[in-house]
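Please look at the sequence and the 3D structure together before reading on.

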Amino acid sequence: MTVTVSVSGVDKNYRKVRALRDVSFDLIPGRLSALVGHNGAGKTTLIKLMLGLIRSDRGAIRVMGQDPAAGEFSARRLLGYLPENVAFNAALTGRETLTFYARLKQIKPSKAWALLDRVGLADAADRRVGTYSKGMRQRLGLAQALLGQPRVLLLDEPTTGLDPALRQTFYEILNELRDDGATVLISSHALNELEDRAEHVLIMNQGRLVAQGTLTELRSLSQLPIRVTFDLAGGGNDEAAVSIAGEINSSPCRRTVLVSDEKGKMDLLRAAANDPRVENIEIAAPTLDDLYAHFLNTQEKAA
Ligand SMILES: Nc1ncnc2c1ncn2[C@@H]1O[C@H](COP(=O)(O)OP(=O)(O)OP(=O)(O)O)[C@@H](O)[C@H]1O
């Protein structure tokens, strides 16, 4: 498996603040990873390290095989970055802004302009950025991050303040890049938004990486139960349909059962499939919110 970004045993202190402690993970191409954590968990510090803007105190970071803090970091051209707070010169137009960033990246400006269309800013390209809405500025920020077809895209809180439609467009663009083999890392607090979108989740707390994996892996690691609810026909009776240990909430027509794993869930569903009284089944696996709370609690109890 190719690794595009590797973070290994990294510590970072800002004087007395221990911003990162022994953080290790890999990012791979064609995958959208989410970096989640409370304020101050260390997410931005990690992104700054990957960009080579700051140096770690311990451990190693490699981006496309190179050390981003080294003077000769030619892989920087393959990196795209959207900062948490995008600040552009209000007096420039969208096109002029992108031209400025294209020159910094040594890209022919006319090649960059197609990006304005890609992020839906073609009609506003020649308006001053000062007249842009927050969503339009974010789009321009994304266009800037996409300059030069980056192979690694680092996005810090990219969808904060975007309306649902814009957010959808934003993720569509990211998915295209991901499908094209880019490595995408999104730092965010918006867990519900990332739930169906991130293939890989990194959970940070107080400078430590407390868990990482796919949602399925995190569910399995957490051992949080899966909630299965049955709607039963005709009032039900004491000879409960699918009566299984772990039932937590019963009414004549509705029964909820907690199962500890996928196997338990499948056993239950097979039993239910043969029970004529079962009219409907709802399955609720632990959400990313549940998992996040679980891993944070577990770490804080252990500390
Ligand atoms: N330049 C700095 N000087 C001193 N402390 C800093 C500096 N930058 C970050 N910190 C501290 O390091 C810790 C991690 O900060 P960081 O910005 O990486 O967190 P974050 O997870 O990105 O937070 P947020 O979600 O609020 O953006 C925090 O305690 C923060 O106060």
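Predicted model: local features only at pLDDT ≥ 70, side-chain atom pairs only at ≥ 80, totals over all residues.

| Residue | Phi | C-beta neighbours |
|---|---|---|
| Gln106 | near 55° | 9 within 10 Å |
| Gln223 | about 60° | 10 inside 10 Å |

For Gln106, phi is positive although the residue is something other than glycine, and Gln223 likewise has a positive phi without being a glycine. Are these residues buried or exposed? A residue counts as exposed if 12 or fewer other C-beta atoms lie within 10 Å of its own, and Gln106 is therefore exposed, because it has 9 of them. Gln223, with 10 such neighbours, counts as exposed because of the cut-off of 12 or fewer.

**The sheet**

Three strands form an open sheet in the order S2-S1-S4, and their pairing is antiparallel. Strand S2 (17-27) and strand S4 (58-63) stand at the edges, where each has a single partner strand, so that one side of each is left without a neighbour in the sheet. Neighbouring strands of this sheet are turned against each other by 25° on average, when direction is ignored. As a general point, the strands of a sheet pair through backbone hydrogen bonds, in either a parallel or an antiparallel way. Here, strand S1 (residues 5-14) pairs with S4 in the antiparallel sense over five bridges, and Val5 has Val63 in S4 as its bridge partner.

**The ligand site**

Which elements each supply at least two residues of the shell around the ligand? They are S2 and helix H1 (43-51), and H1 gives the largest share, three residues. The residues around the ligand include Tyr14, Val17 and Ala19, as well as Gly40, Lys43, Thr44 and Thr45. By residue class, the shell divides into four nonpolar residues, six polar residues and one charged residue.

**The domains**

The domain assignment of the protein gives domain 1, which covers 5-88 + 143-219, and domain 2, which covers 225-285. The centres of domain 1 and domain 2, taken over C-alpha atoms, are separated by 40 Å.

Definitions and conventions
Residues numbered from 1 in each chain as written. Buried ≥ 20, exposed ≤ 12 C-beta atoms within 10 Å, placed from the backbone. Pairing = 2+ DSSP bridges. Helix = DSSP H or I, 4+ residues; strand = E, 2+ residues; numbered from the N terminus. Axes fitted to C-alpha atoms, helices over the stretch in contact; angles between N-to-C directions. Near = placed C-beta within 6 Å. Nonpolar A, V, L, I, M, F, W, Y, C, P; charged D, E, K, R; others polar. Domains from an automatic or database assignment.
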